[in-house]
Structures are given as structure tokens and as C-alpha cells.
Amino acid sequence: MSTDPLIPIIPGRGCSANPKNRFEKIELQPDFESLPEDEARELATGKRPTEYFDDDSQSVISENDSPDLPFRFSLNPYRGCAHGCSYCYARPTHEYLGFSAGLDFETKVVVKRKAPELLRRFLSRPGWGVQPIMMSGVTDCYQPGESQFQVTRGCLEVALDFRQPIMLITKNSLILRDVDRIGELARQRLVSVAISVTSLNQRLTSRLEPRTSSPQARLRAVRELSAAGIPVHVMIAPIILGLNDSEVPAILEAAADAGAISAGYVMLRLPLGVAAQFEQWLAQHAPDQRSKILGRVRQVRDGHLNRSEFHERMKGTGVLAEQLAQSFKIFKRRYGLDTKSAPLDCSRFRVPDRSGQLRLFE
């Protein structure tokens, strides 16, 4: 993928092109150079609507054994994400569907409409050894399409029926729509909620993650969830050294003021084609900072733009990574964001019987 800064920015999108799918032999590449400049820009900057496709999968729970993740099981109601975060590590997953990791990832979203039904079927299995399920481990379960499809809400209702512990993480204040369901889960110690706040600068977030909620809306979500008795964790994800790392103290202070009880972070990682996509974003939106930012990414990734080794990929290594870790720890303690949440209660799990009553899970 070219990092030519003259490639026009597409309004409301984190990516400006569709890079080649690494699994496909054929690549379609628009030839803007052969057109007059005004015509090329008009063509390239046209709005790209979000399309939704049905997912016909017959299972909905994924399992991982990564020591870097605080969960083993996850449920992703959507494939692709209209939030359009330019740095999103999940972009390459869209290539498995025959799409690109670029514009396709954020404009061609696949919806698992049957997820609540499939979750109910999964939880009803005699062999389910109850553990918390993360929503979502890859794409955002409260991305814009959720307001229409309500797949996440349907899954929360199933979780309530079974008293199944659920972990939620999102960048979208749409989560407030479900405060009734989440609040009931919280009263039974069956839910944990994390809100991701990347920056307090809306001018930056509108370019970096163009269809997410504003920083103010995310902090409002923290405030209203906390007021409803729901413990909220705030994630600064990702930290991009040279771009948003200087905001860490202010973000933590704002999170604490909004009622969050704890905080964490993830260092930027740029797997596969995400690196070229993010380099293009830098060329378009932060050309003067591009070399510095990429240089610091390499400093915490042993000279590379990405390292996938367990125990290193989330936090990075080296002097800069260690300095960030120590600074984060200090400010987290200063603002009282080092509370350890009580573990979710797996002992409440029940399988509803056909009469609507609950029986003890055996």
C-alpha cells in the first residue's frame, strides 16, 4: 500500500484505500494518476456507505489460550467495524472473508444476527464449564450498527437468563442504551465493563478513529454507568508514543473524575497490513510527526513495527516501554485507579428449563 500523502482522505473513514488482500491473487488498484487532478480527487473522496451482510455461522464462541488476555472465551457479534480506527489490529481478520483490511474492514460489516440464539445453544451444553465470556475480543460490540441490529443487547438478555458472566469493552457511548441489562448483571456480580479512551482531543479522535463516540461522550458513559452502580475500567488503547502518550495523566484524571475504579493500557501494535495502513494515515494527518512516531514504535518493538511474542506484544519492551509502564503506574495510583475488581461470580450460572424456571446447572 502506498504511503503517498497525496492520496485523498475519505471523509469519515480511517482508511483511504483498499490494500491487496494477502490471500487473493488479483488486486484492483484505482489509477487516479491518469485522471485530471480535480476529477481524481472528486472520485476518491466520495462518501463510502457502510454495507451490512448476514453471517451464517453456526457457532459464535471463540476460544484462545493467550497468556496476554484476561479471558479464554469471546463473542464477537460483528466482523469488521464501522468505527474505522486507523490503527486497529483486527483489520487483517477481514481478509479471511475475501475483503481488504482497509476500507472494506470499515464499510463491509458482517452481522451475526443469530448470535443470541447461538449463545443460548452454547450455554445449554452439558459440558460448559462456566467462565466469563468477553464481548468483544476483536471488533466493537457497540459499533454504530448495533443501534439497528441489537445483537449485543440480545446476547446480554441471554446472559441474564443463564446468569452467565460477561465482560464488555467498547469505545462507543451506545452502551448506555443497555444500562438496564448491564445494571442487573452488575447487581449479581456478572459483568465487567471497560471503556476505551484514546485521547481527550476530539480533533485527533475524529481523524484517528472517525466513527467512535467523542471523548466527552465516552467519559459521560463512564459517569452514567458508575452512577448506576456498574464498576467501570478505563483503557487507554492504544498508546501511540509520540502522538497520545503525553495525554496519559490527563486521561487518567478525567477517568477518575468520571467515576472509573481502575485503568490499563495497550501499546500500539501494527500487525501485517495494519502497518502500511497506519503509515498512510500518518502521511496524511501527521506528516511532521511520522518519522518520530514510527521510530518510537520500532524502539519498543525491537526494531520492528510489530512483535507478536506473548508477554511482549501488549506492552512492548525496552527503555521507552519501561518508562511508560512506570509513569502509568504512578499516575494510576495518584488518581485512585488501582482498585482490583472482585472476580465475576460463576457460581450463579443456571440453565433455564422449558417451563421458564431455573434449574441448578450440573
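A salt bridge here is a side-chain nitrogen of Lys or Arg within 4 Å of a carboxyl oxygen of Asp or Glu. Keep that rule at hand for the first stops.

The model on screen is predicted, so local features need pLDDT of at least 70 and side-chain atom pairs count only at pLDDT 80 or more, while totals for chains, interfaces and linings use all residues. Residues are numbered from 1 along each chain as its sequence is written, and side-chain values use heavy atoms, with hydrogens and water left out.

**Stop 1: Arg181 and Asp180**

Select Arg181 and Asp180. They form a salt bridge, with the closest N and O atoms 3.0 Å apart. Next comes accessibility: buried means under 20% relative accessible area, exposed over 50%, and partly exposed in between, using a 1.4 Å probe and protein chains only. Arg181 has 25% relative accessibility, so it counts as partly exposed. Asp180, at 34%, is also partly exposed.

**Stop 2: Arg153 and Asp178**

Now select Arg153 and Asp178. Their side chains meet in a salt bridge of 2.7 Å, N to O. Arg153 lies in helix H5 (residues 151-162) and Asp178 in the loop between strand S7 (166-170) and helix H6 (179-187), so the pair ties together parts that are 25 residues apart in sequence. Helices (H or I, at least four residues) and strands (E, at least two) are DSSP runs, numbered from the N terminus. Both Arg153 and Asp178 are buried.

Stay on Asp178. Its relative accessibility is 0%. What does Asp178 contact, leaving aside its neighbours within four places in sequence? Select Tyr142, Arg153 and Leu156. Contact means heavy atoms within 4.5 Å.

**Stop 3**

How many salt bridges does the rule give? The count comes to 23.

**Stop 4: Asp345 and Arg348**

Another pair to select is Asp345 with Arg348. Their side chains meet in a salt bridge, 3.2 Å from N to O. Buried or partly exposed? Asp345 is buried, at 12% relative accessible area. Arg348 is partly exposed, at 32% relative accessibility.

**Stop 5: helices H9 and H12**

Select residues 248-258 for helix H9 and 319-334 for helix H12. The two pack at an angle of about 25 degrees, with their axes 9 Å apart. Axes are lines fitted to C-alpha atoms, for helices over the stretch in contact, and angles run from 0 to 180 degrees between N-to-C directions. That makes H9 roughly parallel to H12, a label for angles under 35 degrees.

Show the side chains next. Val248, Pro249 and Leu252 in H9 meet Phe328, Phe331 and Lys332 in H12. By class, this contact of H9 with H12 has five nonpolar, no polar and one charged residues. Ala, Val, Leu, Ile, Met, Phe, Trp, Tyr, Cys and Pro count as nonpolar, Asp, Glu, Lys and Arg as charged, and the others, Gly among them, as polar.

**Stop 6: Gly14**

Finish at Gly14, in the segment before helix H1 (37-44). Gly14 is buried, at 4% relative accessibility. Not counting residues up to four places away in sequence, Gly14 touches Gly84, Ser86, Arg91, Glu106, Pro210, Gln277 and Trp281. Select Glu209 as well. Gly14 and Glu209 are 195 residues apart in sequence, yet 6.2 Å apart in space, C-alpha to C-alpha.

How values were computed
Parallel < 35°, antiparallel > 145°, perpendicular 65-115°, else oblique.
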